[in-house]
Amino acid sequence: MLRQTRAKWLALATALLVALMAAVFAALRNAPRAPERAPASAPGSDAGRRAFEHLGCTMCHSIGGVGNPASRLDGVGKRLDRGELRAWTTGTGIAAERLPAGISRRKAAARDDPQLEALLDYLERSKQ
Ligand code: HEC
């Protein structure tokens, strides 16, 4: 009799534990995701953001957590004007003087890209 009672309690406790674990698991799975990092959301920024990726800027830089965190360009629009952004993006002017030749050459690919202006818009808008 005692044994049966104990077995019942054990079964009940096990069932409760399983239910509890399922509830916890479900709650974790459905936890609201952290909101996506606010993109530079002005119109046209998508083309710039895509250019930032397809021109390989993300190999060395990141914006908004996308790309190589070693050299963050977040807020670069606050520090550099459009001319400076253009120079650093295309490896010309001041950037050509300061960057190793190999990197300037790599950046030169952006000079003729049809999305260059959109990319500069995107950088210019990165204010924080
Ligand atoms: C092979 C690596 C490499 C690639 C690819 C690259 N850069 Fe750079 N970039 C650098 C280095 C190195 C510097 C100078 C040091 C620094 O600021 O990190 C720099 C500097 C910059 C700066 C000035 C940053 C500042 O804070 O003054 C900007 C803007 C910039 N790059 C934009 C771009 C864009 C846009 C692309 C894509 C078209 C790009 N870079 C691709 C290596 C790279």
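Predicted model: local features only at pLDDT ≥ 70, side-chain atom pairs only at ≥ 80, totals over all residues.
**View 1. Strands 1 and 2 run antiparallel and are joined by 2 bridges.** Pairing here takes at least two DSSP bridges between two strands, and the strands themselves are DSSP runs of E at least two residues long, numbered from the N terminus. Look for Ile63, which sits opposite Val66 of strand 2. Residues are numbered from 1 along each chain as its sequence is written, and side-chain values use heavy atoms, with hydrogens and water left out.

**View 2. The whole chain, for orientation, has 7 helices and 3 strands.** Helices are DSSP runs of H or I with at least four residues. Starting at the N terminus, the order of elements reads α-α-β-β-β-α-α-α-α-α. Of the 128 residues, 25% are buried (buried means under 20% relative accessible area, exposed over 50%, and partly exposed in between, with a 1.4 Å probe and protein chains only).

**View 3. His61 and Lys107 hold the iron atom of the ligand.** The contacts come from NE2 of His61 and NZ of Lys107, at 1.9 Å. His61 belongs to strand 1 (residues 61-63) and Lys107 to helix 6 (residues 101-108), so the pair ties together parts 46 residues apart in sequence. Donors are N, O and S atoms within 2.8 Å of the metal (3.2 Å for Na, K and Ca), and since water is not among the atoms, sites may look incomplete. Around this iron atom, the 6 donor atoms subtend angles of 82 to 179°, which makes the arrangement octahedral. For six donors, that label asks for opposite donors over 155 degrees apart and all others between 65 and 115. His61 counts as buried, at 17% relative accessibility, and Lys107 counts as buried at 17% too.

**View 4. Glu117 makes salt bridges with Arg82 and with Arg86.** A salt bridge puts a side-chain nitrogen of Lys or Arg within 4 Å of a carboxyl oxygen of Asp or Glu. For Glu117 and Arg82, the closest N and O atoms are 3.0 Å apart. Glu117 is in helix 7 (residues 116-125) and Arg82 in helix 4 (residues 82-90), so the pair links parts 35 residues apart in sequence. The N to O distance is 2.9 Å for Glu117 and Arg86. Arg86 is also in helix 4, so its pairing with Glu117 ties together parts 31 residues apart in sequence. Glu117 is partly exposed at 36%, as are Arg82 at 22% and Arg86 at 31%.

**View 5. Within helix 2, Arg49 and Asp46 form a salt bridge.** Their side chains meet at 2.9 Å, N to O. Both residues lie in helix 2 (residues 45-54), 3 residues apart, or about one turn of the helix. Arg49 is partly exposed, with a relative accessible area of 28%, and Asp46 is partly exposed at 39%. The structure holds 6 salt bridges.

Conventions: Tetrahedral: all angles 85-135°; square planar, octahedral: opposite > 155°, others 65-115°.
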